[in-house]
Amino acid sequence: MMLTTRGTGRGVQRSLMMAATTSSSIISVRATTPSFETRTVFPNAGSSSKLSRVSSCLPSHRGLHVASRPSDLVGNTPLLDLGNMLKSHNITNGCKLYGKMESLGPCSSVKDRLGRSMIDDAEAKGLITPGKTTLVEPTSGNTGIAMAFIARERGYKCILTMPETMSIERRMMLLALGCEVVLTPKETAVPGALVKAKEILAQLGESNGYMLQQFENPANPKIHRETTGPEIWNDTDGQIDIFVSGVGTGGTVTGVSQYIKGSPEHDCAPLNPKLYTVAVEPQEQMLITAAKGGEKIGPQGPHKIQGMGAGFVPAVLDLNLLDEVVPIHSDEAMQMTNELWMTGLPVGVSSGAIVAAALKVCQRPENANKVAVCIIPSFGERYFTHPMFAPIKEKAESLVKQPLPEPFDNTEYGFATPRG
């Protein structure tokens with residue numbers, strides 16, 4: 001097998017090892033000559049893959065990149081230069097900011113990685129069986145969607161519990177994917193959804209139901225050590241200085257930091273032990289700040305940043321890896337989300353919160369000429385019923401049709417006169 005890598009230095013060797021042992025059934029072939037040839041690609045691909053050999057008669061500029069199932073499209077998201085955001089906020093110290101575009105996953109969020117990782121892990125351990133096991137999970141939305149599409153792909157029934165504040169788009173996505181959705185009181189946030197999920201699991205019985213436990217499952221940070229971290233390291237050519245991520249389950253910020261800073265427990269040699277890791281949480285729910293010994297700012301309670309601030313400090317979050325926690329108020333997150341949309345980047349409100357925090361960090365004098373990467377967790381179309389889009393929704397609903405020019409007779413289309 002021939003692998004082409006990006007990046008230099010210490011990250012490449014680890015990435016090569018990871019690529020050589022991956023179970024992904026994505027097939028990538030580049031023909032170097034126009035002659036007929038057959039190559040074996042990823043011979044240890046997953047059992048569902050029927051494509052282990054590819055015959056090609058392609059010119060040198062052609063290539064194949066074929067996935068055998070939707071979940072094989074997870075990962076390998078690009079970085080986007082957010083220099084326009086730095087410029088619009090008058091940050092001219094030479095700091096560079098890139099967004100890791102997790103919104104481009106098959107179900108449009110960073111949680112696609114988590115859903116696949118947890119289900120792959122449970123299947124490998126014989127804990128779940130397609131056609132028999134019902135997956136039950138509390139979720140704030142995107143993890144549920146990731147689980148739902150993979151459950152549908154592989155033949156699992158899925159029941160998801162979520163706070164009633166989650167957008168109608170998320171509910172519709174889950175229902176369209178064949179899930180059963182159970183809403184819980186907004187006042188109890190994710191902990192309330194967790195209690196309800198445990199009740200449903202008890203009713204199903206141990207032999208019929210299984211909870212993947214995203215907030216506790218080691219497969220959560222593991223997927224980010226094995227994929228997200230190496231991708232960021234290679235795509236910045238090992239030059240990353242600052243990493244900014246929101247905290248939902250805590251898996252992304254933990255796994256990426258373990259890979260780059262190093263984690264002897266997980267056989268990760270340090271690539272850049274001086275990486276500055278920034279966690280972002282809602283200002284209205286500063287539990288991580290408090291857990292790190294900081295003081296809360298302003299009133300604490302419900303917030304509007306879906307996908308962050310679960311109402312407790314997740315077990316998979318390694319607080320020791322966090323160099324700073326930046327609180328962002330929901331109003332500031334919504335304003336920044338709107339700014340991102342106005343640059344042509346449709347993202348969710350959690351992306352707005354993360355970019356707002358990243359800009360605060362980038363503007364500091366000590367971060368001049370450094371390289372920062374922030375996570376862009378999800379696509380914006382999933383949030384149209386979020387309060388921030390209320391004015392847009394009202395405008396869309398108030399639009400009226402306009403008359404057509406001659407020779408059309410507009411009375412045929414409901415107008416009072418031929419010309420409207």
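Colleague: Where is Gln-213 found?
Modeller: Gln-213 is found in the loop between strand S10 (209-210) and H7. Here helices (H or I, at least four residues) and strands (E, at least two) are DSSP runs, numbered from the N terminus. Please keep in mind that this is a predicted model, in which local features need pLDDT of at least 70, side-chain atom pairs count only at pLDDT 80 or more, and totals for chains, interfaces and linings use all residues. Residues are numbered from 1 along each chain as its sequence is written, and side-chain values use heavy atoms, with hydrogens and water left out.

Colleague: What is the phi of Gln-213?
Modeller: Gln-213 is not a glycine, yet its phi is positive, at about 55°. In general, most residues other than glycine have a negative phi.

Colleague: Is Gln-213 exposed, partly exposed or buried?
Modeller: Gln-213 is partly exposed, because its relative accessible area is 28%. Buried means under 20% relative accessible area, exposed over 50%, and partly exposed in between (1.4 Å probe, protein chains only).

Colleague: Where does Asp-267 lie, then?
Modeller: Asp-267 lies in the loop that runs between H8 and strand S12 (276-282). Asp-267 is not a glycine either, and its phi is positive, at about 60°.

Colleague: And why does Asp-267 count as exposed?
Modeller: Asp-267 counts as exposed because its relative accessibility is 70%.

Colleague: Which residues does a cis peptide bond join?
Modeller: The cis peptide bond joins Glu-406 and Pro-407, with omega at about 15°. Pro-407 belongs to the segment that follows helix H12 (390-398). As a general point, most peptide bonds are trans.

Colleague: Let us step back. What is the mean pLDDT of the chain?
Modeller: The mean pLDDT of the chain is 87, and 85% of its residues reach 70 or more. This score is the predictor's confidence in each residue, from 0 to 100.

Colleague: Over which residues does pLDDT stay under 50?
Modeller: That stretch is residues 1-58, and the model has 110 contacts for them beyond four places in sequence. A contact means heavy atoms within 4.5 Å. Where pLDDT is low, the predicted coordinates should not be read in detail.

Colleague: How many helices and strands are there in the chain?
Modeller: The chain has 12 helices and 14 strands. Of its 420 residues, 50% are buried. Among contacts in the chain with a separation of 6 or more, 68% come from residues 24 or more positions apart.

Colleague: Now the helix pairs. At what angle do H4 and H5 cross?
Modeller: Helix H4 (residues 142-154) and helix H5 (residues 168-176) cross at roughly 15°, and their axes come within 9 Å. Axes are lines fitted to C-alpha atoms, for helices over the stretch in contact, and angles run from 0 to 180 degrees between N-to-C directions. H4 and H5 are therefore roughly parallel to each other. For such labels, angles under 35 degrees count as roughly parallel, over 145 as roughly antiparallel, 65 to 115 as roughly perpendicular and the rest as oblique.

Colleague: Which residues in H4 and H5 meet?
Modeller: Asn-142, Gly-144, Ile-145 and Ala-148 in H4 meet Arg-170, Met-173 and Leu-174 in H5.

Colleague: What does Leu-177 touch?
Modeller: Leaving aside residues up to four places away in sequence, Leu-177 touches Ile-145, Ala-148, Phe-149 and Arg-152. Leu-177 itself lies in the loop between H5 and strand S9 (180-184). Its C-alpha atom is separated by 9.9 Å from that of Met-147, 30 residues apart along the chain.

Colleague: How are H7 and H8 placed, oblique or parallel to each other?
Modeller: H7 and H8 are oblique to each other. The axes of helix H7 (residues 219-235) and helix H8 (residues 251-261) come within 7 Å and cross at roughly 60°. The contact includes His-224 and Trp-233 of H7, and Val-256 and Tyr-259 of H8.

Colleague: At what angle does H3 pack with H7?
Modeller: Helix H3 (residues 111-124) and H7 pack at about 125°, with their axes 9 Å apart. H3 and H7 are therefore oblique to each other. Among the residues that make this contact are Leu-114 and Met-118 of H3, together with Ile-223 and His-224 of H7.

Colleague: Lastly, in which helix is Leu-201 found?
Modeller: Leu-201 is found in helix H6 (residues 189-204). Leu-201 is partly exposed, with a relative accessible area of 22%. Not counting residues up to four places away in sequence, Leu-201 touches Val-136, Gly-209, Tyr-210 and Met-211. The C-alpha atoms of Leu-201 and Ile-159 are separated by 9.4 Å, although the two are 42 residues apart along the chain.
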